[in-house]
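Open the model in your viewer and keep the sequence panel beside it. The tour goes from one selection to the next and says what is found at each stop.

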Amino acid sequence: LANSYLEAKSLKENKIECLVKFYLKVRKEAQFNLADGLGHKPHFSLRSFCRALYIASKNPCGHIIRSLYEAFCLSFLTQLDSNSYNIVENMIVSHIVGPLQEFNSIMKHNIPKPYGSNSNYTQFEGYWIPLGSLEPAIPEDYILTKSVRKNLKDLVRIVSIGQLPVLLQGDTSVGKTSLITYLAKASGHKCVRINNHEHTDLQEYVGSYAADLSGKLVFREGLLVEAMKKGHWIILDELNLAPSDVLEALNRVLDDNRELFIPETQEMVKAHHNFMLFATQNPPGSYGGRKMLSRAFRNRFIELHFNEIPPDELEIILHQRCQMAPSYAKKMINVMK
């Protein structure tokens, strides 16, 4: 299987064997020693392995070993808690890259700017992402602390590959939605948002017939259809609050073909190449009404887990964003704790 994805890259047989050994070992570790952001056993399937191989086969980093490293980090790291994250990252380095000296040598080289494309690109955390149609404007009031920068790096790694849906999970107010909007503004992409709840109607996503100014009945496209056609980014907030019919309608959008069928107009909408879909959710069980999304549905996303922002970083945010003296910021955080 690994050979079929990577045969054009002329990798040595022992390197292919190392990829397979990593996959088998990380599956075993997931049963006993690893945990995702919710404290559950992480689920690594053949889809995770094939996704990593497919991304690496495109060699987005211009160096096949670096591409393998980035692809396997994308597929196997982002849903884990901090301890498991470090364990699996070390496994990726030892199985795929090699000795630490070789890893450091490879990581010194910058990822080359994509070529053969009409899009313009901008760089974040070492990764290139395409510019949108708007003027890029980096929000000055968004504070990039150490943990926020780590989350940004994981998110940008996914966006740089392009066209992969992302599911961000974490407690309320950990910065899930704000990080996406920050990246959208900084890269010039229009970002729209749907706030899901138990009574969200599919028409909000797809559209519905309504009367225009002349009284004629016309079909008004929903936010999802408009975003797919125009290449906008869309955030589906609180996705695990959405009704089942909404989740079912998203299945084809989340597939590789990225299509959506509109029954009312019999139109098949194909996603623009700049279209990106992000979903956020609070952990099920901890918050009222949130349901557990099925494993098959979640497997269609790249999952990211955001931990709570540490108290010392909250002090930095208060100091820099609110122009508050560090001593007062510390007192406020102590009251919160």
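Start by selecting Arg252 and Glu259, whose side chains meet in a salt bridge with an N to O distance of 2.9 Å. The model is a predicted one, and the distances and areas on this tour are computed from it. Colour the two partners by accessibility. Arg252 counts as partly exposed because its relative accessibility is 36%. Glu259 has a relative accessible area of 17%, which is under the 20% limit, so Glu259 is buried.

For the next one, select Arg321 and Asp141, which meet through their side chains at 3.5 Å, N to O. Arg321 sits in helix 13 (residues 311–321), while Asp141 is in the loop between strand 2 and helix 7; the two are 180 residues apart, and the pair links distant parts of the chain. With 41% relative accessibility, Asp141 counts as partly exposed.

Now go to helix 7 and select Lys150 and Asp154. Their side chains form a salt bridge of 3.6 Å, N to O. Lys150 and Asp154 are 4 residues apart in helix 7, so about one helical turn separates them. Which of these two is buried and which is partly exposed? Asp154 counts as buried, at 4% relative accessibility, and Lys150 counts as partly exposed, at 38%.

Turn next to the empty space. Rolling a probe the size of a water molecule over the atoms shows where such space is left. The largest pocket holds about 1200 Å³. It is lined by 44 residues, and those closest to its centre are Lys58, Ser160, Ile161, Gly162 and Gln163. Select these five to centre the view. Then show helix 3, helix 4 (64–76), strand 2 (127–130) and helix 7 (146–161), each of which supplies at least two residues of the pocket lining. Helix 3 gives the most, with 5 residues. Coloured by class, the lining of the largest pocket divides into 23 nonpolar, 11 polar and 10 charged residues.

How many cavities of 30 Å³ or more are there? The count comes to 4. The largest cavity contains about 130 Å³ of space. To find it, select Ser48, Arg51, Ser75, Gln79 and Phe301, which lie nearest its centre among the 15 lining residues. Helix 3, helix 4, helix 12 (295–298) and strand 11 (302–305) are the elements that give two or more residues to the lining of this cavity. Helix 3 again has the largest share, here with 3 residues. By class, the lining of the largest cavity has 3 nonpolar, 7 polar and 5 charged residues.

Stay with helix 3 (residues 46–57) for the last stop and select Leu46, which lies in this helix. Leu46 counts as partly exposed because its relative accessibility is 47%. With Leu46, they form a nonpolar patch on the surface, and the patch has about 400 Å² of accessible area in total.

Technical notes. Residues are numbered from 1 along each chain as its sequence is written. This is a predicted model: local features need pLDDT of at least 70, side-chain atom pairs count only at pLDDT 80 or more; totals for chains, interfaces and linings use all residues. Side-chain values use heavy atoms; hydrogens and water are left out. Patches are made of residues with over 30% relative accessible area and no salt bridge: like charges are joined within 9 Å, nonpolar side chains (Val, Leu, Ile, Met, Phe, Trp, Tyr) within 5 Å. Accessible areas come from the Shrake-Rupley method with a 1.4 Å probe; for residues, only the protein chains shown count as cover. A salt bridge is a side-chain nitrogen of Lys or Arg within 4 Å of a carboxyl oxygen of Asp or Glu. Buried means under 20% relative accessible area, exposed over 50%, partly exposed in between (1.4 Å probe, protein chains only). On a 1 Å grid over the protein atoms alone, a cavity is a set of points where a 1.4 Å probe fits but cannot get out, and a pocket is an open set with protein on both sides within 12 Å along at least five of seven lines; lining residues have an atom within 4 Å of a point. Grid points are joined across faces, edges and corners, and a volume is the space filled by probe spheres set on the points. Ala, Val, Leu, Ile, Met, Phe, Trp, Tyr, Cys and Pro count as nonpolar, Asp, Glu, Lys and Arg as charged, and the others, Gly among them, as polar.
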